[in-house]
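Please keep the sequence and the structure in view while reading.

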Amino acid sequence: MKVARFYAPGDVRIEEAPEPAPGPGEVKIRVRACSTCGTDLKIYRHGHYRISPPRVMGHEIAGEISELGEGTEGWAAGDRVQVIAAIPDGTCADCRRGAMTVCQNQESMGYQYDGGFAEHMIVPAKVLAVDGLNRIPEGLSFAEASVAEPLACVLNGQELARVGPGDDVVVVGSGPIGCLHVRLARSRGAGRVFLVELNRERLERAAAIVHPDEAVSADDGDVAEQILKLTDGRGADVVITAAASGAAQEQAFKYVARQGRISLFGGLPQDAPTITLNSNVVHYSELTVVGANGSSPAHNARALALIASGAVPVVDLITHRLPLDGVLDALEIVSRGEGIKVTIEP
Ligand SMILES: [Zn+2]
């Protein structure tokens with residue numbers, strides 16, 4: 001079978017590999033869709049300390065079961081499934097209190113286990129043990145189902161930031177994650193949703209698809225001033241920074257409303273993780289600042305249901321579909337910011 005394997009930064013090879021066989025507790029799937037994300041690009045360029053190469057990449061995975069390992073119950077060949085990316089151990093103190101996103105023993109598809117940029121893939125027993133394999137509802141395509149994983153992360157972020165009815169929400173960053181944040185905020189009953197982006201071309205492309213109430217470009221002047229103007233000086237109830245930008249994080253404190261919530265959704269580069277914060281703004285305005293670290297198996301199941309019910313449509317976010325041979329082209333498209341979601345169909 002054909003796979004896309006990471007060897008070292010800048011060295012990802014499309015090559016032949018033997019088809020894997022499922023061991024006890026494992027399931028083999030024929031991968032039908034595996035979407036790319038910013039993390040894949042980061043891995044391609046810089047590697048990742050948690051990856052043990054050579055490793056088949058890809059972690060936004062959907063496919064159909066082709067073979068069952070010993071002791072796997074409740075599944076059958078032909079079942080259409082979506083696979084979680086982050087695999088909690090399910091047994092540590094954090095997992096037992098339901099905080100699976102911060103499990104310190106977490107492993108990931110495409111990091112410690114071969115991922116979905118392949119024709120066939122093994123779903124590890126550890127995924128099945130934490131209910132990380134989800135049935136794709138009828139009528140939903142594999143490509144749409146593959147977007148459940150990033151949407152699950154977005155859902156975790158909005159639950160932590162308590163996005164709810166009537167909230168004015170600012171999303172900073174108009175990449176695929178930003179677009180999903182806009183869509184999800186709508187489905188949670190947000191009042192108005194504003195999309196902020198530095199690059200005007202990228203902003204307009206995203207805005208044409210997800211239709212924020214206002215598309216705010218930094219080219220049109222100070223972002224904080226623009227948001228304050230749009231909210232009659234009150235500021236936004238929720239600000240979500242879906243961009244790896246310390247400046248965007250610092251700026252959020254200038255236009256968040258009193259008692260507002262700021263989600264530092266996108267992480268900062270390892271070598272520049274520090275921002276400057278006037279803690280009195282947090283104190284006097286009673287702000288809540290939250291993070292977000294991936295998603296739990298339960299978030300994946302709920303995200304898949306949100307897509308299937310039409311509450312969060314994603315089909316129009318899939319702007320590119322490429323075969324497995326096109327993985328490097330797909331990463332180039334992601335790198336140039338030309339598409340929203342770029343999906344590999346092996
Ligand atoms: Zn755990």
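The model is predicted. Side chains of opposite charge can pair when their charged atoms come close. In this model the count comes to 22 salt bridges.

- D325 forms a salt bridge with K2, and their closest N and O atoms are 3.3 Å apart. Because D325 lies in the loop between strand 17 (318-322) and helix 12 (327-336) while K2 belongs to strand 1 (residues 2-8), the pair ties together parts that are 323 residues apart in sequence. D325 counts as partly exposed, at 47% relative accessibility, and K2 is also partly exposed, at 27%.
- A salt bridge joins E60 and K341, with the closest N and O atoms 3.1 Å apart. E60 is in strand 5 (residues 60-68) and K341 in strand 18 (residues 341-344), 281 residues apart. Both residues, E60 and K341, are buried.
- E345 and R321 meet through their side chains in a salt bridge of 3.0 Å, N to O. This pair links the segment after strand 18, which holds E345, to strand 17, which holds R321, 24 residues apart. E345 is partly exposed at 30% relative accessibility, and R321 is partly exposed at 43%.

**A salt-bridge network**

- E19, K28 and E67 are linked in a network of salt bridges.

**Aromatic rings**

- The charged end of R13 sits over the ring of Y7, 3.7 Å from the ring centre.
- R50 lies over the face of Y111, at 5.0 Å from the ring centre.
- The count of aromatic pairs comes to 0.

Notes: Residues numbered from 1 in each chain as written. Predicted model: local features only at pLDDT ≥ 70, side-chain atom pairs only at ≥ 80, totals over all residues. Heavy atoms only, no water. Phe/Tyr/Trp six-rings, centres within 6.5 Å; stacked < 30°, edge-to-face > 60°. Lys NZ or Arg CZ within 6 Å of the ring centre and 35° of its normal. Salt bridge = Lys/Arg side-chain N within 4 Å of Asp/Glu carboxyl O. Helix = DSSP H or I, 4+ residues; strand = E, 2+ residues; numbered from the N terminus. Buried < 20%, exposed > 50% of the residue type's maximum accessible area, 1.4 Å probe, protein only.
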